[in-house]
Amino acid sequence: MAQVKKEEKYPIAKRFDIADVQVSREAQAVKPEVIARQIKRAKNPVLVTGGYLLKEPELVDYAVKFYEKGLKIIATGGSSKPLIERGVEPLTVSYTLHHFTQYMLDDEWQGFDGNGKYDVVLFLGFIPYYLSRMLSALKHFSKVTTISIDQFYQPHAKFSFTNLTRNKELHYRMLDEIINLIGGE
Amino acid sequence: MALNLKGSFVLDELKNVQITIGKILEEGEEWDEPVGPTPMPGIADLRKWDHTLLERYEPFYAPMQDFCTLCTMGPCDLSSNKRGACGIDLKTAKARLVTIACSIGAAAHTAHARHMLDYVIEQFGEDTPIDLGPDVNVEAPNIRTIIGVRPRTLGDLKVALEWAEREIVKVLHSTHIGNEESLIDYESKAMHVSMCDHIGMEVADIAQIVAFNYPKAEPDTPLVDAGFGVVDRTKPVIVVVGHNVMYARPVMDYLEEQGRLDEFEITGLCCTVHDMTRYNARAKVFGPISYQLRVIRAGLPDIVISDEQCIRADLLEACSLMGIPLIATSDAAMRGLPDATDWPVEKIVSALINGEVPGVFLSDPEKIGQVAPIVAEEVFRKKDRTKLFFKSDDEFREEIAKCTQCMNCVFTCPHSLRIDQGMAHAQKTGDISKLAELEDRCIACMKCEQACPKKIKIINVIMQSNLQNLYAKTGMMRVGRGPIQDTEIRKVGQPIVFGQIPGVIAPVGCVNYPDLKDDLREIIEEFLRRKYIVVTSGCHAMDIGMLKDEEGKTLYEKYPGNFDAGGLVNVGACVADSHIAGAAIKIANIFAMRPLRGNYAEIADYALNRIGAVGFSWGPYSHKAASIATGFNRLGVPVVVGPHGTKYRRAYIGKPWKKEKWWVYDIKTGEKTYIEPAPDALLISVETKEEAIVQLAKLTIRPNDTGMGRQIKLTHYLELSKKYLGRYPDDWPIYVRSEADLPLRTKDELLKILEDEHGWKIDWEKKKILEGPIRPLDPGFNPTLVEEVFEKYSRK
Ligand code: SF4
Ligand code: SF4
C-alpha cells in the first residue's frame with residue numbers, strides 16, 4: 001500500500017459539524033507519522049472502536065491490523081462482533097463509549113485490565129457527534145491524549161485526521177501508514 | 001421545605017398555601033393512609049435522596065460549548081473547568097444548563113396541564129369525578145406520592161398543579177446568576193423540577209381522559225392508520241400538529257354533529273394527533289415531528305391547526321409557501337398572527353380563504369371546530385392536488401443538476417448525510433436511489449437547505465426520490481390507552497419484582513434516531529419476543545405503528561396491548577408518560593403495600609432496588625425528553641438514550657470498580673451490605689441498536705432479584721451480548737450471587753469460566769459456588785438506600 005507522499009496536499013481540517021464550536025484549543029490535524037509517534041511513545045495506548053465497524057468492513061480490517069501490531073482494543077457499539085470473528089480479543093465488548101469516557105475522567109481508574117489508565121487513546125469508527133461529545137469531556141476534564149483517526153475532523157480531540165470525507169482512499173492510506181510506522185522499529 | 005402540617009409560619013407568607021393545607025387536611029379525613037415525610041416537597045426535602053443517588057451515579061458532563069454568555073459580564077471562557085466572571089465553573093455551568101433544560105420541559109407539560117385543566121373545569125365543572133375505569137382505583141399515583149393528596153374530582157387536580165408551578169419557578173430562580181454553586185445541588189434541582197414535570201403530565205392526562213372520555217386503561221383499543229400515505233386525497237385534509245388537543249378536538253364534534261365526518265380526513269402530527277385518536281379513532285396519524293415538512297411540502301393539508309411544543313418555528317412560512325392557511329391556537333406559539341378569537345366565524349373564514357391573512361391566532365376551541373372544516377373545504381376545492389414535491393420530473397431533475405458537491409449540506413446535517421454523493425450519482429447516471437436511501441434517516445430539519453449556496457430544495461429532492469417508499473410506510477397504531485390497571489399490576493407486580501418477568505422496557509420520546517427508523521422496531525421486538533413488557537408513548541409509539549416486518553405487520557398487530565409479559569402497551573401522548581412512572585409506583589403500592597402518600601423517597605428507593613424497569617429514548621431532542629428522563633431517574637428508573645442524547649451534556653454513570661459506592665442497608669440483617677452494581681447507570685447513551693439492546697437488558701437487573709429472577713435476567717443479558725457483541729458481556733460475573741443465578745443451559749460452562757478466569761472456588765460435585773461473589777444470594781434480602789426506611793422497617 002502506498003504511503004502518503006510528502007508533496008500530497010491534505011484537505012483542510014473542516015470540522016464535521018460547522019456549529020460544533022468551542023473557544024478552547026482545536027485538534028491539531030496531523031499526518032500519520034505524528035500519530036504513530038504518539039503511539040510509540042505511549043506507556044499504555046489503546047484503540048477504541050465504534051459502531052461504524054458494522055457498516056464499513058475496511059475499518060474492521062484496520063482495527064485488526066492495529067491489534068496485530070500489539071494495540072489493545074476496547075470495542076464499543078457492537079464493533080466487537082466482527083472483530084472477534086477475525087480473531088481479535090478485545091479488552092472489553094460491553095461497555096459503551098460513554099462508560100469508558102466516564103471511567104477515564106476518574107484519576108483512580110486503573111483501566112479495564114488493571115494495568116493503569118490509558119495515556120493515549122485512539123478512536124476509530126464512531127458517529128461523529130457522539131464521539132465529539134466524549135472528546136469534549138476528555139479535553140476539559142482530563143489530561144489524556146485523544147486521537148481521532150476517523151474520516152471526519154474532530155475538533156475536540158488533541159490530534160485528529162483532517163477532513164477526509166472526499167477521499168476514502170486517502171483515509172485508508174493514512175491508516176496504513178500509521179500501522180506501518182508503529183511496526184517499523 | 002416540606003409542608004409542615006403543624007406549623008403556621010408558612011401560612012403567614014403564602015395565602016394560597018393555606019388553601020392547600022386545608023385541602024390536605026380535608027383529604028386526610030377522607031383518606032386513612034398516614035401522611036408520609038414529604039408531602040408537597042420543596043427543593044430541599046428530597047435533596048438527601050438525590051445526593052444518595054448522585055453519590056453512586058456520578059454526573060458526567062460533555063460540554064457542547066466551553067464558554068458562557070448568559071450574563072453581561074461574559075462571554076466567559078470556562079474551558080478546562082475554569083470559572084467565569086460570576087464564579088461558576090464549567091461543570092457547574094453545565095449542571096445549571098441541564099437544570100434550565102429540565103425546567104423548560106417541566107414548564108411545557110405543566111403549562112399544557114394548566115391550559116387543559118382550566119378549560120375542562122370551565123367546560124365540565126370542578127366536581128367532575130375522576131373516573132379512569134373500573135380497574136383503576138389508584139387514579140393518580142404520582143400525585144398521591146408526591147403531593148400527598150388523593151384527587152377525586154377535576155377540581156382536586158388544582159392543588160397538584162399549583163404545587164408544580166410554584167416549584168418550577170423556584171428551580172428556575174436557582175439558575176439565575178449568583179445562586180447555586182454546587183453541581184450536585186443543581187442536579188438535585190434538575191431532579192426536583194423533573195418530578196414536577198411528572199406531576200404536570202399526570203394532571204394533563206387525567207384531565208383529558210376524564211373530560212374527553214378517552215379509553216380508560218383498556219388494553220384492546222382500536223388500531224388506527226398511521227404513516228405518510230394514510231389520507232384519501234379525494235377529501236379535504238385537516239391537519240393538527242403539536243401537543244395539546246383541546247383546541248382542535250371540537251373539529252371532530254362539529255363534523256360529527258353535521259354528519260359529515262366521512263367527507264373529511266382528520267389527521268395530524270405529534271401528540272395532538274395521538275390524542276385525537278384517543279378522542280375519536282377515525283383520526284389518522286401522519287407521523288412524528290420529522291414529518292411536518294414532508295407533509296406540508298407535499299401539499300397534503302388543506303388547513304393546519306397548530307398548538308404547542310415541538311412544532312417547527314417556521315411553520316407559518318412553510319404553510320404559506322404551499323398556500324395552506326394556518327390556525328395557531330395556543331398562546332405559547334402565536335406566530336405573529338392577528339388575534340381572531342373575537343372575530344365572527346364568517347370573518348375568520350373569509351380572511352383565510354381569500355388570503356387576506358396567511359393564518360390567524362384563534363384560541364376558542366369551539367370556533368376552531370367550525371372554521372377549520374369550512375376553510376379546508378374551500379382550499380381543497382381550489383387546489384391542484386396532482387403535484388407533490390415538484391411540479392414535474394423536469395423540475396426535479398433540474399434541481400438535482402444544480403448541485404456542485406460543495407458538501408456544505410453534509411457539514412451541517414445532524415446525521416452527516418451524504419447528500420453530495422446522492423446528487424452526484426443522480427447527475428452522472430440518472431439513478432436517484434442514493435438520494436432515496438437518505439430519506440429514512442432525514443429528519444427534515446432543513447439545515448442543509450440553509451447551508452446550500454445553490455438554494456437547492458434538498459428535502460424535496462430527497463422525498464421525491466423516495467416517494468413510493470414514503471407512501472408505503474403506512475401501518476397501524478394502537479390507540480393510547482392511558483393508565484395501567486390496578487388488576488394488571490396485581491398480576492405482574494410479583495413477577496416483575498422477583499424477576500420472572502425480566503423487565504419493563506419503555507421506549508418513549510422523539511425521533512432524532514441515529515440511523516434507520518426500523519432499528520426501533522428491531523430493538524423492541526427483541527424484548528417482546530423474550531416476554532419483557534414494553535410500554536411506549538409519544539413519537540416512538542407512532543413510529544412503531546409505521547414500521548412493518550417482512551410480512552407487512554406492525555408490532556401492534558403482532559403483540560397484545562396488555563401490561564403483561566410480551567405485551568406492547570401504548571399509553572398515549574407524551575403526557576401519558578406519567579402512567580409509566582405511575583405503573584412503577586403502583587407496583588410498590590399494590591403489590592408491596594408500600595404507602596404512597598407524601599412518601600416519595602421510599603417509593604423511588606423501592607423502584608431502584610426492585611423494579612426492573614428501564615426507560616429508552618432512541619432519538620431524544622426536546623427539553624421535555626430531558627425532564628421526563630430526569631424525572632424517571634429520580635424515581636430510581638434508569639434511562640438509555642440514543643447517541644444524540646449526549647448533547648443533553650449530562651449523564652449519570654456509576655463506577656463499578658468503586659466497591660464502596662455500591663451498598664444498601666439490608667433491613668433483614670440490620671446491616672450495611674455491599675452489593676453488585678445494579679443498575680450501573682441511571683442515564684447512559686449508546687451508539688448502535690446492538691449496544692442499546694444489551695444495555696437495556698443489563699439495566700433491568702436489580703439487587704432484589706430472586707435466584708430465578710436473576711437467572712432469567714442473566715440468561716437474556718448473556719444471550720443478547722453473545723448475539724450482538726460476539727461474546728458474553730465483560731461484567732456478567734459481578735451479577736452472580738450464587739449458582740442459582742446462572743442460566744441453566746450454560747451453567748457448567750459459566751462455572752468453569754468463573755473458576756478459570758476469575759479465580760472463584762467451585763464445588764463441582766454439588767455444582768455450587770463456594771467463594772467469589774460480592775455477596776451471597778439471600779432470599780430474605782431487603783435492601784434500601786434510605787436511612788429512614790431502614791429504621792422504619794427495622795423497628796417493625
Ligand atoms: S433536512 Fe435531512 S438531509 Fe437536510 S440537514 Fe436535516 S436531516 Fe440532513
Ligand atoms: S450544499 Fe447544495 S450544492 Fe453543496 S453539496 Fe449540498 S446540495 Fe450540493
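Predicted model: local features only at pLDDT ≥ 70, side-chain atom pairs only at ≥ 80, totals over all residues.
Which residues are around ligand 1?

1. In it, the residues around ligand 1 come from chain B, and they are B:C413, B:P414, B:L417, B:I419, B:C442, B:I443, B:A444, B:C445, B:M446, B:C448, B:I459 and B:I462. When this shell is divided by class, it has 12 nonpolar residues, with no polar and no charged ones.

2. Around ligand 2 the residues include the cysteines B:C403, B:C406, B:C409 and B:C452, and B:T404, B:Q405, B:N408 and B:D420 are also among them. The shell around ligand 2 divides into eight nonpolar, three polar and one charged residues, whereas the shell around ligand 1 has no polar and no charged residues.

3. The domain assignment of chain B gives five entries, in which domain 1 is made of two stretches, 36-58 and 70-212, while domain 2 covers 223-382 and domain 3 covers 393-472. Domain 4 is again written as two stretches, 475-662 and 674-705, and domain 5 runs over 706-780. Taken over C-alpha atoms, the centres of domain 1 and domain 3 of chain B are separated by 42 Å.

4. How many residues does each chain bring to the contact? Chain A gives 56 residues and chain B gives 62 residues. The size of an interface is often given as the accessible area lost when the parts come together. Between chain A and chain B the buried area is about 4,600 Å², and carbon and sulfur atoms give 56% of it. In chain A, the residues that lose the most area to chain B are A:Q102, A:Y129 and A:F141, which together make up 15% of what that side buries.

5. Between the two chains, 30 residue pairs are counted in polar contact. On the side of chain A that touches chain B, α3 (80-85), α4 (97-104) and α5 (128-141) each supply at least two residues, and α5(A) gives the most, with 10 residues. The residues of that side divide into 23 nonpolar, 21 polar and 12 charged.

6. B:G74 and B:P75 are joined by a cis peptide bond, with omega about 0 degrees, and B:P75 lies in the loop between β2 (67-68) and β3 (76-77). The peptide bond from B:A678 to B:P679 is also cis, with omega near -10 degrees, and B:P679 is in the loop between β19 (671-674) and β20 (681-685). B:Q309, a residue other than glycine, has a positive phi near 70 degrees, and its place is in the loop between β8 (303-306) and α11 (315-321).

Terms used. Residues numbered from 1 in each chain as written. Chains lettered and ligands numbered in written order. Heavy atoms only, no water. Contact = heavy atoms within 4.5 Å. Buried area = accessible area lost by both parts, 1.4 Å probe. Polar contact = N/O pair within 3.5 Å; in protein donor to acceptor, adjacent residues only side chain to side chain. Helix = DSSP H or I, 4+ residues; strand = E, 2+ residues; numbered from the N terminus. Nonpolar A, V, L, I, M, F, W, Y, C, P; charged D, E, K, R; others polar. Domains from an automatic or database assignment. Near = heavy atom within 4 Å.
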